[in-house]
Structures are given as structure tokens and as C-alpha cells.
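Student: I would like to learn how to read the features of a model like this one. Please take me through them step by step.

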Amino acid sequence: MSVAGLCEICERPDVDHTCDRCGRLVCDRHWDEDIGMCVECGAEVGQPSDRTSPEDMPDGVDTYRF
């Protein structure tokens, strides 16, 4: 999607994306296509492969769900 404005991370004029999480306007350099977020939100949330599945946890580890 092409949008008008400056990248809210590096201030380059070629903004092409809007972050699905925070709404920042970002350029291709600061966009993570795999997760649909800017690189800053991606760093906060983490990649799906970074998450540990419950099956991989050792026995006796409590799991809290909200």
C-alpha cells in the first residue's frame, strides 16, 4: 500500500507500509513482511519461531493463561 509521508523511524520520504500493530508509517527498510509490523514492533513482540510451545517445556512448569 502506498501512503504519503515520512518513515516514522528513519524519516525517509518513500513510505510504503502502515504497521498493523502501532500504526506507524514505515519504509521498506523498516517493514517486516512476515509479521506485518514495523521492525520496532517486531522486536517487541518477537518472531513466531522465538516462542516456546507448551510441549517443549519441562515438566512441572506452570502455565498461566489470561
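Tutor: Buried means under 20% relative accessible area, exposed means over 50%, and partly exposed lies in between (1.4 Å probe, protein chains only). This is a predicted model, in which local features need pLDDT of at least 70, side-chain atom pairs count only at pLDDT 80 or more, and totals for chains, interfaces and linings use all residues. Residues are numbered from 1 along each chain as its sequence is written, and side-chain values use heavy atoms, with hydrogens and water left out.

Student: Which side chain meets that of R12 in a salt bridge?

Tutor: Side chains of opposite charge can pair when their charged atoms come close. The rule for a salt bridge is a side-chain nitrogen of Lys or Arg within 4 Å of a carboxyl oxygen of Asp or Glu. R12 meets D14 in this way, with 3.2 Å from N to O. D14 is partly exposed because its relative accessible area is 35%.

Student: How many salt bridges does the rule count?

Tutor: The count is three. In another of these pairs, the closest N and O atoms of E44 and R21 are 2.8 Å apart. E44 belongs to helix α1 and R21 to the loop between β1 and β2, so this pair ties together parts 23 residues apart in sequence. Helices (H or I, at least four residues) and strands (E, at least two) are DSSP runs, numbered from the N terminus. E44 is exposed at 59% relative accessible area, whereas R21 is partly exposed at 45%.

Student: What is the distance, N to O, in the salt bridge of R24 and E40?

Tutor: The side chains of R24 and E40 meet at 3.0 Å, N to O. This pair also links distant parts of the chain, with R24 in the loop between β1 and β2 and E40 in helix α1, 16 residues apart. R24 has a relative accessible area of 24% and is therefore partly exposed; E40, at 35%, is partly exposed too.

Student: How many helices and strands does the protein have?

Tutor: There are four strands and one helix. From the N terminus on, they follow the order β-β-β-β-α.

Student: What is the mean pLDDT of the protein?

Tutor: pLDDT is the predictor's confidence in each residue, from 0 to 100. Here the mean is 79, and 65% of the residues reach 70 or more.

Student: Which residues make up the largest nonpolar core?

Tutor: A nonpolar core is a set of buried Ala, Val, Leu, Ile, Met, Phe, Trp, Tyr and Cys residues joined through side-chain atoms within 4.5 Å. The largest has nine residues: C7, V15, C19, V26, C27, W31, M37, C38 and C41. For the protein as a whole, buried residues make up 23% of the 66 residues.

Student: Which residues does C19 touch?

Tutor: Contact means heavy atoms within 4.5 Å. Not counting residues up to four places away in sequence, C19 touches R24, W31, G36, M37, C38 and C41.

Student: Is H30 buried or exposed?

Tutor: H30 has a relative accessible area of 11%, so H30 is buried. H30 lies in the loop between β2 and β3. With neighbours within four places left aside, H30 is in contact with C7, I9, C10, C38 and V39. R29 lies in the loop between β2 and β3 as well, but R29 is exposed at 58%. R29 is in contact with R12 and V39, again leaving aside neighbours within four places in sequence.

Student: What does the side chain of D32 reach?

Tutor: A polar contact is a pair of N or O atoms within 3.5 Å; within protein, one must be able to donate a hydrogen and the other to accept it, and residues adjacent in sequence count only if both atoms are side-chain atoms. The side chain of D32 reaches the backbone nitrogen of D34 at 3.1 Å. D32 is in strand β3 (residues 31–32) and is buried, with a relative accessible area of 19%.

Student: What is the phi of E11?

Tutor: The phi of E11 is near 65°, a positive value in a residue other than glycine. E11 lies in the segment before β1 (17–18) and counts as exposed, at 59% relative accessibility.
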